[in-house]
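Hi,

Here is the structure I promised to pass on.

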Amino acid sequence: TLWEGLRKGGAVGLEEEQDSMERMVQGLFAMAHMQAQSCFAHGGRYWEVTLLLGRYLGYLLRASNVTADIPERLAAHFGGSPPTRFLGTLCAPGVCDEAE
């Protein structure tokens, strides 16, 4: 109840938040496990990928005709502070050679 939560100094709400975070992390691990198993079943290799946004944008601006206002657009999209990196996963072929 609310009174019990107040007596415990808000610990009840904190416990609920921790439970929620734990369920979210368990869900993320389950999803990654399923993706990795599917990748392995097809003979692939499962990689974690990090895209460093600053380096990528620098390359993009030098290598193409992309407009220089991309950083401002990203800042507006992310509420003023774009992330410095994006994390993801990739299933790549298990064996790669020049012919592939």
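Which residues does Cys91 touch, not counting those up to four places away in sequence? They are Cys39, Gly44 and Arg45, where contact means heavy atoms within 4.5 Å.

Some housekeeping before the rest. This is a predicted model, in which local features need pLDDT of at least 70 and side-chain atom pairs count only at pLDDT 80 or more, while totals for chains, interfaces and linings use all residues. Residues are numbered from 1 along each chain as its sequence is written, and side-chain values use heavy atoms, with hydrogens and water left out.

Back to Cys91, then. A disulfide (a pair of cysteine sulfur atoms within 2.5 Å) joins Cys91 to Cys39, with an S to S distance of 2.0 Å. Cys39 lies in helix α2 and Cys91 in strand β2, so the pair ties together parts that are 52 residues apart in sequence. The link is right-handed, with 90 degrees about the S-S bond. A search of the whole structure finds 1 disulfide. Cys39 is buried at a relative accessible area of 2%, whereas Cys91 is partly exposed at 44%. For those words, buried means under 20% relative accessible area, exposed over 50%, and partly exposed in between (1.4 Å probe, protein chains only).

On the overall layout, the protein chain has 4 helices and 2 strands, in the order α-α-β-α-α-β from the N terminus. These are DSSP runs numbered from the N terminus: helices are H or I with at least four residues, strands E with at least two. Of the 100 residues, 9% count as buried. Among contacts between residues at least 6 apart in sequence, 67% join residues at least 24 apart.

A pocket here is an open set of points on a 1 Å grid over the protein atoms alone, where a 1.4 Å probe fits, with protein on both sides within 12 Å along at least five of seven lines; lining residues have an atom within 4 Å of a point. The lining is made of Ala32, Gln35, Tyr46, Trp47, Glu48, Leu87, Gly88 and Thr89. Helix α2 (11-41) and strands β1 (44-52) and β2 (85-93) each supply at least two residues of that lining.

Cheers
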